[in-house]
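Me: I have a structure open and would like to go through it piece by piece. Can you take some quick questions?

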Amino acid sequence: MISGLLLLTALFLFSLLALRLLVNYFAAGLQSIPGPVLARFSDLWRFVDACKGHHQQTMSQLHSEYGPVVRVGPKIVSVADPAAVELILGLKANLDKTDSVNPMINAHEGEYLPMLISAKNSKLHARLKRPIAGAYSMSTLLSFENVVNDCSDKLMRRLREEFVDGRGHGRVCPLHEWLHFFTFDFIGRATFGKEFGFMDAGTDINNMIGTLDLQFLYIGTVGSMPWIDRLFLKNPLLLALIKTPNHLVDFTAQRIRHRLEGREKADTGGYDFLSRFLDAQKQHPEVVTDIQLAAYTNTNILAASDTTSTALTAIIMCILQYHDVYEKLQAEIDASNISFPVSYTAAQALPYLDAVIKETLRFFPTTGIDLERTVGASGLVLPTGQSLPPGTIVSMNPWPLHRDRSIFGDDADKFVPERWLRRETESKTAHDERVRNMQRVFLTFGYGPRACLGKHIAYLEIYKLIPILVGNFDLSLAHPDRPLKTWTGVAVKILNLDVHIRERHRDG
Ligand code: HEM
């Protein structure tokens, strides 16, 4: 009797599952869009792919196999068409984000942080952004320049101690780790006036970097099947037991508390992000509540450290793999006679440095996950003619778009910084137009109203640090024949940039 009941229940559940998979497969309006068959049945296909850690490569392969519009889930369509960027990510459409952002949301004292980056609704996003957008503007950059100077001085000193001089002489340097220590310490000072202390310690204190790595892994995988998040980190039972599951959130909350109690103060000329957020609280108390303050600061740490260090690592990796580029860059820096620490203005005036940075962020875009949006109530007609019904998730991944031959030419798959420079026979107007065209599909920092707020800060760090490293050191790969190892959570992280560092003795 009991076994009969069990069998019946199993049959019933199995039929429900089969029905669900069939409904997914035949999702209205998406049958004609090509893509892997298994992906039509369930998001499990994408989840498994994300768990393998090379999602951006899968997206590039899918688009070269199926074309610019590919169905990658029951209700998800990936688009790699330059003509569709504005339509999907642009200001005019202002489409909402999707549930894929849920795993980003951290909790503090049992309450979820209303983070800017994970605000799904565009109106809510605009409301949260308005009070603090000015804190990230170009005009605030100057106050952060000294912080980059201090942090880059410290990085150089510590690299010399550990890998160049004395007992450290000749040791192999895991530069990817040290660049991470640098960006983490920088954003700590820029946000709270306090470094995390990674460069001093030369190690990941309290596993804070490890925690962020885990969180990025969680976002990159669970984000492709977001309902799982409710079983894990958003499970009310877990939150009742552990009120702040992520100890980085505890760290940021402690910084705010200590600032309000007068135990810590800003040291970026007295005006760091936290000071700006506190000012915003005075002016917009209805939006910038205490929990919102924690959300803004936590977003800064989440969004700024891993991404910027990944970009820095990719630049060094690319120039070490393309030795002619490395030599040209070093020659430009030497000929410029810039003094160290390099000012942002002086660094931006180096055309080859500028080309190398842009080309790396095109060729090896930091962002490996899909930028997803929800199609609104009136549906969406793509430039290719396909119509997507309301509620479809439409996504763009930077990797296939950044290799688009119609924009970047037949050598789109090669690392060629010269593509950003003016050609001998090219007029200034034609060059400006060509660069504008390339930048229109540049998705490393996202695009449109939800694009990265910290882009200028990231560029400040990158433009200043690369000439300091390349101008002062001779860097070389410690294992030139070893294949590159990467892992994609949110950023496409390089895990084995092991280098030898030798001091250069520049004249003058
Ligand atoms: C190379 C370094 C960086 C990369 C590649 C990067 C990339 C991105 C991307 C792809 C997004 C989301 C776009 C979307 O969802 O459509 C984003 C959002 C964001 N980033 Fe960055 N980022 C970098 C550095 C930074 C830094 C240094 C900061 C802070 C100082 C920062 C703060 C933010 C914030 C606050 C958001 C949310 C913006 C919003 O939703 O309005 N990022 N970033």
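This is a predicted model: local features need pLDDT of at least 70, side-chain atom pairs count only at pLDDT 80 or more; totals for chains, interfaces and linings use all residues.

Me: How do strand 1 and strand 2 run, and how many bridges join them?

Reply: They run antiparallel and are joined by 4 bridges. The two strands form a hairpin, with 2 residues between them.

Me: Which strands make up the open sheet, and in what order?

Reply: The sheet has 4 strands in the order 1-2-9-6, with mixed pairing. Strand 1 (69–73) and strand 6 (371–374) are the edge strands, each pairing on one side only. On average, neighbouring strands of this sheet are turned by 30° against each other, direction ignored.

Me: Where does the mixed pairing come from? Start with how strand 2 and strand 9 run.

Reply: Strand 2 and strand 9 run parallel, with 3 bridges joining them. Ile76 stands opposite Ile393 of strand 9. Strand 9 (residues 393–396) also pairs with strand 6, in the antiparallel sense and over 4 bridges. In that pairing, Glu372 has Ser395 in strand 9 as its bridge partner.

Me: Back to strand 2. Are its faces covered or open?

Reply: Both are covered. Ile76 and Ser78 are buried on one side, Val77 and Val79 on the other. In a regular strand the side chains alternate between the two faces of the sheet.

Me: Which helix lies across strand 1 and strand 2?

Reply: Helix 4 (residues 55–66), running at about 130° to strand 1.

Me: Now the ligand. How many residues surround it, and which are the closest?

Reply: There are 23 residues around the ligand, and the closest are Ala304, Thr307, Gly446, Cys452 and Gly454. By type, the shell divides into 12 nonpolar, 9 polar and 2 charged residues.

Me: Which helix gives the largest share of that shell?

Reply: Helix 15, with 7 residues. Helix 15 (290–321) and helix 22 (455–472) each supply at least two residues of the shell.

Me: Is helix 15 enclosed or open to the outside? And what is its span?

Reply: Helix 15 is largely enclosed by the rest of the structure, because 28 of its 32 residues are buried. From first C-alpha to last, helix 15 reaches 47 Å, close to the 46 Å expected at 1.5 Å a residue.

Me: Why is Asn337 classed as exposed, and why is Asn94 partly exposed?

Reply: Asn337 has 9 other C-beta atoms within 10 Å, so it is exposed, the cut-off being 12 or fewer. Asn94 is partly exposed because it has 16 other C-beta atoms within 10 Å.

Me: Last one. Where is Leu260?

Reply: Leu260 is in helix 13 (residues 247–260). With 13 other C-beta atoms within 10 Å, Leu260 is partly exposed.

Methods:
Residues are numbered from 1 along each chain as its sequence is written. A residue is near a molecule or strand if its C-beta atom, placed from the backbone, lies within 6 Å of it. Ala, Val, Leu, Ile, Met, Phe, Trp, Tyr, Cys and Pro count as nonpolar, Asp, Glu, Lys and Arg as charged, and the others, Gly among them, as polar. Two strands pair if DSSP finds at least two bridges between them. Axes are lines fitted to C-alpha atoms, for helices over the stretch in contact, and angles run from 0 to 180 degrees between N-to-C directions. Two residues are in contact if their C-beta atoms, placed from the backbone, lie within 7 Å. A residue is buried if 20 or more other C-beta atoms lie within 10 Å of its own, exposed if 12 or fewer, and partly exposed in between; C-beta atoms are placed from the backbone. The expected span of a helix is 1.5 Å times one less than its number of residues.
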